[in-house]
Amino acid sequence: PPKLELSNVSQTYDGARGKTRALGPLSLQVAPGESVAILGPSGCGKSTSLLIACGLLKPTQGGAFVDGAIVTRPRLETGLILQDFGLMPWKTVEQNVGLGLQVRRVSKRERRERVADALARVGLSDFAKAYPAELSGGMRQRLAMARALACDIDLLLMDEPLSALDALLREEMQNMLKRTWREGGYAQVLVTHSIEEAVFLGQRVVVMTPRPGRIAFTLYNSEMQADD
Ligand code: ADP
Ligand code: ADP
């Protein structure tokens, strides 16, 4: 089975001004180890589709499946880099990264190594003892990355992980994400509104229609391979 399958999902939100058809119907399969970028205009349901894929949101219709099993709650092997980062403000940078490993029952010694390695990858080693509130938006984004990348994951879901970074850092983090994906062997889905980012990181680029987002067309990116 595919690592991730969104099967005919659609989402309607009940808001103050009535119902919003936010997404779908949308069907998408991501193979083990594959890198897929989802590109679409603001408001087309990209974030919504990731929330469904990670089990944080139950779709109005359809379902998300990982390894053929329906997703009803977050799983440990899915790494998340979401828009609000989900950082714990009362924990330091290294504790924020370490907690994910603790939950996954990684030994204390190995946690230390992996936390240090993940922080070095994203360039936050000097801020290990700082608190999230002391970091800039871009640094918080990188902290959320480090937390996901420190874990043994088979699927990584990213919602505009590079949007708060300046141009130079964005290029650096793009390269880091590609390298880490190649080494890590996990499947990944990257949601972005940057064509450049989608083409740099996606073996397949899924382009969505405006809200409610459906797949408009798919590009197969021969430039982006797992092993070059
Ligand atoms: P994107 O990530 O592509 O910008 P979203 O998935 O965030 O799109 O949102 C899709 C649409 O659903 C937007 O019109 C947004 O305003 C609406 N929406 C998102 N979340 C909610 C919510 N919790 N309640 C009501 N409407 C929402
Ligand atoms: P606890 O209160 O359970 O000891 P903390 O909130 O202090 O946990 O830390 C959360 C996680 O961060 C723990 O898994 C811990 O191992 C990890 N951690 C804390 N300090 C460091 C550090 N200096 N280097 C690496 N990991 C750390």
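**Exercise 1.** Determine how helix H2 (residues 93–103) is oriented relative to helix H4 (residues 137–149) in this predicted model.

*Solution.* Step 1: the two axes approach within 8 Å and cross at roughly 30°. Step 2: angles under 35 degrees count as roughly parallel. Therefore H2 is roughly parallel to H4. Step 3: the crossing in which H2 passes H4 is right-handed.

**Exercise 2.** Identify the residues through which H2 and H4 meet, and classify them.

*Solution.* Step 1: H2 contributes Val-93, Asn-96 and Val-97, while H4 contributes Leu-143, Ala-146 and Arg-147. Step 2: sorted by class, this contact of H2 with H4 has four nonpolar residues, one polar and one charged.

**Exercise 3.** Carry out the corresponding analysis for H2 and helix H3 (residues 108–121).

*Solution.* Step 1: the axes of H2 and H3 come within 9 Å and cross at roughly 125°. Step 2: H2 is therefore oblique to H3. Step 3: H2 passes H3 in a right-handed crossing. Step 4: on the H2 side the contact involves Val-93, Glu-94, Val-97, Gly-98, Leu-101 and Gln-102, and on the H3 side Arg-111, Arg-114, Val-115, Ala-118 and Leu-119. Step 5: the classes are six nonpolar, two polar and three charged residues.

**Exercise 4.** Describe the surroundings of ligand 2 and its polar contacts with Glu-94, Gln-95 and Gln-102.

*Solution.* Step 1: the residues surrounding ligand 2 include Lys-91, Gly-98, Leu-99, Arg-112 and Lys-129. Step 2: Glu-94 places a polar side-chain atom 2.9 Å from a nitrogen atom of ligand 2. Step 3: an N or O atom in the side chain of Gln-95 is 2.8 Å from an oxygen atom of the ligand. Step 4: for Gln-102, a polar side-chain atom lies 2.8 Å from an oxygen atom of ligand 2.

Key. Residues are numbered from 1 along each chain as its sequence is written. Chains are lettered from A and ligands numbered from 1 in the order in which they are written. This is a predicted model: local features need pLDDT of at least 70, side-chain atom pairs count only at pLDDT 80 or more; totals for chains, interfaces and linings use all residues. Side-chain values use heavy atoms; hydrogens and water are left out. Axes are lines fitted to C-alpha atoms, for helices over the stretch in contact, and angles run from 0 to 180 degrees between N-to-C directions. Helices (H or I, at least four residues) and strands (E, at least two) are DSSP runs, numbered from the N terminus. Angles under 35 degrees count as roughly parallel, over 145 as roughly antiparallel, 65 to 115 as roughly perpendicular and the rest as oblique. A crossing is left-handed if the near helix is turned anticlockwise from the far one by less than a right angle, and right-handed if clockwise. Contact means heavy atoms within 4.5 Å. Ala, Val, Leu, Ile, Met, Phe, Trp, Tyr, Cys and Pro count as nonpolar, Asp, Glu, Lys and Arg as charged, and the others, Gly among them, as polar. A residue is near a molecule or strand if one of its heavy atoms lies within 4 Å of it. A polar contact is a pair of N or O atoms within 3.5 Å; within protein, one must be able to donate a hydrogen and the other to accept it, and residues adjacent in sequence count only if both atoms are side-chain atoms.
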